[in-house]
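Visitor: I am new to this structure. Please show me how to read its features, one at a time.

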Amino acid sequence: SYPPPPPGPFSHRALLVLEEKKVPYARTLIDLEDRPDWIRAANPPNGAVPVLKDLATGTWLPDSGAISDMLEERFPEPALGKADALPAPGAGIFGAFKDFCKAETADEAAAKEAELRAALGELEAALRASDGPFVGGARPNAHDCSLAPKLYHAVIALDHFKGWSLPGEFAAVRAYLDAWQGRESWRNTAYSPELVVRGWEKHGLVVRK
């Protein structure tokens with residue numbers, strides 16, 4: 001069994017792509033509060049994660065999007081596509097959830113909640129029009145691998161920091177997360193809600209219910 005990855009949606013995205021493509025890999029966890037010198041050298045200046053070492057070339061590749069695209073080129077089957085070339089319903093969810101959690105006044109919170117609902121509505125409509133539980137259909141595509149970890153973080157953080165749960169009108173969005181969590185790729189890369197909350201606390205989110 002694997003240890004849990006760092007509770008970051010961008011690292012999780014890269015791991016999901018690796019898992020969905022069945023690419024053998026080794027995972028090294030980084031303490032983001034005490035980053036070793038080698039990770040700073042691999043991705044200067046601050047050692048941001050994720051970063052992937054290509055054993056065939058010995059080179060380091062940072063950024064989850066670049067990692068996803070490289071894996072699509074190197075390992076074309078099963079095809080996930082390139083995220084920038086795919087429709088991206090729900091792309092605004094991550095930013096909207098952060099803004100909603102940070103809202104300090106009732107008026108600001110109402111406006112940010114409306115933006116979040118609009119982004120979720122976009123995803124809901126796309127999922128209802130899809131041939132499967134994912135945006136990509138019966139199987140996830142590259143956009144799904146990017147979106148799902150962000151949505152997972154959003155749902156957990158909104159509940160903890162705002163006392164806000166997905167309304168019933170977003171049934172397809174809820175089914176989307178359930179479908180992801182039933183996949184082997186997700187089970188192999190899963191981490192607890194407690195880690196998600198702890199990570200966002202370190203990013204400055206506080207309870208504002």
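**Peptide bonds and phi angles**

Guide: Start with proline 50, which sits in the loop between α2 (37–42) and β1. Helices (H or I, at least four residues) and strands (E, at least two) are DSSP runs, numbered from the N terminus. This is a predicted model, in which local features need pLDDT of at least 70 and side-chain atom pairs count only at pLDDT 80 or more, while totals for chains, interfaces and linings use all residues. Residues are numbered from 1 along each chain as its sequence is written, and side-chain values use heavy atoms, with hydrogens and water left out.

Visitor: What kind of peptide bond joins valine 49 and proline 50?

Guide: First the general idea: most peptide bonds are trans, and most residues other than glycine have a negative phi. The bond between valine 49 and proline 50 is cis, with omega about 5 degrees. Glutamate 77 to proline 78 is also a cis bond, with omega near -5 degrees. Proline 78 belongs to the loop between α3 (64–74) and α4.

Visitor: Which phi value does lysine 22 have?

Guide: Lysine 22 has a positive phi, near 60 degrees. Its place is the loop between α1 (9–20) and α2. Lysine 22 is exposed, at 57% relative accessible area. The scale is this: buried means under 20% relative accessible area, exposed over 50%, partly exposed in between (1.4 Å probe, protein chains only). Aspartate 63 has a positive phi too, near 85 degrees. Aspartate 63 lies in the loop between β2 and α3 and is partly exposed at 45%.

**Strands**

Visitor: How many bridges join β1 to β2?

Guide: Two strands pair if DSSP finds at least two bridges between them. Here, four bridges join β1 (residues 51–54) to β2 (residues 59–62), and the strands run antiparallel. Valine 51 faces proline 62 across the pair.

**Helix packing**

Visitor: At what angle do α5 and α6 pack?

Guide: Axes are lines fitted to C-alpha atoms, for helices over the stretch in contact, and angles run from 0 to 180 degrees between N-to-C directions. Helix α5 (residues 106–129) packs on helix α6 (residues 142–162) at about 145 degrees, with axes 14 Å apart. Contact means heavy atoms within 4.5 Å. On α5, the contact uses Ala109, Leu116, Leu120 and Leu123; on α6, Leu147, Leu151, Leu158 and Lys162.

**Aromatic rings**

Visitor: How many aromatic pairs are there?

Guide: Rings of Phe, Tyr and Trp (its six-membered ring) pair if their centres lie within 6.5 Å; planes under 30 degrees apart count as stacked, over 60 as edge-to-face and the rest as tilted. That rule gives 11 aromatic pairs. Take phenylalanine 100 and tryptophan 164: their ring centres are 6.1 Å apart and their planes stand at 85 degrees, so the pair is edge-to-face. Phenylalanine 100 is in helix α4 (residues 93–102), and tryptophan 164 is in the loop between α6 and α7 (171–181), 64 residues apart.

Visitor: Is phenylalanine 100 buried or exposed?

Guide: Phenylalanine 100 is buried, at 4% relative accessibility. Tryptophan 164 is buried as well, at 10%.

Visitor: Which residues form the aromatic cluster?

Guide: Phe134, Tyr152, Tyr176, Trp180, Trp186 and Tyr191 form one cluster. Phenylalanine 134 is buried at 2%, and tyrosine 176 is buried at 0%.
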